[in-house]
Amino acid sequence: HALGVRQHVDLHCFSPEMAAGRPLDPRSDLFSLGVVMYLCVSGVLPFDGPNRQAIVDRLRSDAPPADLSAIPRAAHLSPAFARLVHKAISHKAEHRFESAAA
């Protein structure tokens, strides 16, 4: 698998509200995009676990991982881009961008 990602990578892209079965809005899509951006620049998934249930539990309860600059592969990123990704994967929808235009 590319970058060592397991087949259920789609589950990793669920927003916390999707994992909890709550209503969705555009911020949910931006969360998913943020997960993909995080993976692309760091080589690791921001919310991972040994099985599907562990991943869902992390999505529902865990805060986003520490700043991307702590990951050697992503240390070269601009602080502004790292903040953008971190905001996109914020656990609380109200802390994310309201739309892609924001």
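Predicted model: local features only at pLDDT ≥ 70, side-chain atom pairs only at ≥ 80, totals over all residues.
**Exercise 1.** Find the residue with which Arg 96 forms a salt bridge, and state which parts of the chain the pair ties together.

*Solution.* 
- Step 1. The partner of Arg 96 is Glu 17, and their closest N and O atoms are 2.7 Å apart.
- Step 2. Glu 17 has a relative accessible area of 5%, so Glu 17 is buried.

**Exercise 2.** Describe the surroundings of Glu 17.

*Solution.* 
- Step 1. Locate the residue. Glu 17 sits in helix H2, which covers residues 16–19.
- Step 2. Set aside neighbours within four places in sequence. Glu 17 then contacts Arg 22, Pro 23, Leu 24, Arg 27, Ser 28, Ala 93 and Arg 96.
- Step 3. Turn to Ala 75. Ala 75 and Glu 17 are separated by 58 residues in sequence, and their C-alpha atoms by 30 Å in space.

**Exercise 3.** How many salt bridges does the structure hold? Work out how exposed the partners of Arg 27 and Asp 25 are in theirs.

*Solution.* 
- Step 1. The structure holds two salt bridges.
- Step 2. One of them joins Arg 96 and Glu 17. Another joins the side chains of Arg 27 and Asp 25, at 2.5 Å from N to O.
- Step 3. Arg 27 has a relative accessible area of 22%, so Arg 27 is partly exposed. Asp 25 reaches 29%, so Asp 25 is partly exposed too.

**Exercise 4.** Which residues of H5 are buried, and why do they line one face of the helix?

*Solution.* 
- Step 1. List the buried residues of H5: Ala 82, Val 85 and Ala 88.
- Step 2. Look down the axis of H5. The buried residues fall within an arc of 125°, so they line one face.
- Step 3. Recall the geometry. An α-helix has 3.6 residues a turn, so residues three or four places apart point the same way.
- Step 4. Find the packing partner. The buried residues of H5 pack against helix H3 (26–42).
- Step 5. Check the other side of H5. Pro 79 and Arg 83 are exposed there.

Technical notes
Residues numbered from 1 in each chain as written. Heavy atoms only, no water. Helix = DSSP H or I, 4+ residues; strand = E, 2+ residues; numbered from the N terminus. Buried < 20%, exposed > 50% of the residue type's maximum accessible area, 1.4 Å probe, protein only. Contact = heavy atoms within 4.5 Å. Salt bridge = Lys/Arg side-chain N within 4 Å of Asp/Glu carboxyl O. Arc of directions from axis to C-beta.
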